[in-house]
Amino acid sequence: MLWAIFTLLLIGRLVFIFATRKMTLMARKEAAEGFLCILPWLIGFTAFTLGPMIFSIYISMCDWDIINPPKYVGLANFEQALFHDFRFVKALKVTVTYAAFALPLGLMGSLLVAILLNQNVKGMTWFRTIFYIPAILPGVATAMLWRWIFNPQYGILNSFLLKLGLISVGPGKEPPGWIADPALALPSFIIMSLWGIGGGMIIYLAGLQSIPTQLYEAAEIDGANWWQKFRKITIPMISPTIFFNLVMGVIGSFQVFTSSFIMTAGGPAYATLFYLLYLYQKAFQYFQMGYAAAMAWILFVLILFCTLLVFKSSARWVYYEADVRGRR
């Protein structure tokens, strides 16, 4: 351990000398003070993030059950996951399907709520608080609550639909099973994803309130209706906010774990076997740490690819006022 710390300090010293070789004595002193300020973070990042990441690369190419020493197997874990494990394919399909529906639904839902809560109405602060509270509730408590809501026998959702006359119960007529039905389990999780739109709503709200009102006033003088103002002013002005929420949504939608672990444990019939849940099962139930590490790196590459696609497309639809000024 000591030799690793000494090596890191030596590398840091060499990097500092190389980076500050053209600086004056005063600038080099200020740079040294800056490096000393971020040194605790660098040590923590190396010990608790970078180090485990590098170790996981090695473990992903090993057969390791924690108890016995790792046995090097090359790319066998990746080959097994991608070509011979039907549950891996099922977990990937469930996660991608969930992301394809929950992500746009969450983006549109949070934007709609933010627009409604951006009105100048008395008591609006209370409404904003009410919509934001679900986003900060613990994941386990939320999962327990929704498991009760979706319960086919005494859940509040079926009771509500029964009172509205949308479903009926009797001989030969069963209420919807929701998370107990393989056909409805994943759609139930997509519906449940709307519970957390308060986080995106707050960010959209900040973006909406930063739009200069002079733009709307000028558009009204020109005879623009609400749709034209929304499409030509609101959307372009909050496009950086949409971009941020989209990137965070892509990352978050591929990391569903707590709700599926608490509510269904991946069932019924693997209908809610999300990727992270299957990774957890491989690591901590079957003790296949090498296979789980390989799955983690496959997920990392998948999320990185989707995120890079979003960044690549952002030049076409994200509007930055500073860029426009720079081109002038």
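Predicted model: local features only at pLDDT ≥ 70, side-chain atom pairs only at ≥ 80, totals over all residues.
Two packed helices are described by the angle between their axes and by the distance between the axes. For α2, which covers residues 25-59, and α15, which covers residues 289-317, the angle is about 115° and the axes lie 8 Å apart.

The contact brings M53, S56, I57 and I59 of α2 together with M289, G290, A293 and W297 of α15.

## A salt bridge

A search of the whole structure finds 1 salt bridge, and it joins E220 to K229, with the closest N and O atoms 3.1 Å apart. The two partners can also be described by their accessibility: E220 has a relative accessibility of 48% and so counts as partly exposed, whereas K229, at 16%, counts as buried because the cut-off for buried is under 20%.

## The chain as a whole

The chain contains 16 helices and 2 strands. Its radius of gyration is 26 Å, well over the 20 Å that the globule rule gives for 328 residues, and the chain is therefore more spread out than a compact globule. Along the principal axes, the C-alpha trace spans about 75 × 65 × 35 Å.

Of the 328 residues in the chain, 34% are buried. Among the contacts in the chain with a separation of 6 or more, 65% are made by residues 24 or more positions apart.

Key:
Residues numbered from 1 in each chain as written. Heavy atoms only, no water. Axes fitted to C-alpha atoms, helices over the stretch in contact; angles between N-to-C directions. Helix = DSSP H or I, 4+ residues; strand = E, 2+ residues; numbered from the N terminus. Contact = heavy atoms within 4.5 Å. Salt bridge = Lys/Arg side-chain N within 4 Å of Asp/Glu carboxyl O. Buried < 20%, exposed > 50% of the residue type's maximum accessible area, 1.4 Å probe, protein only. Rg over C-alpha atoms; globule rule 2.2 N^0.38 Å.
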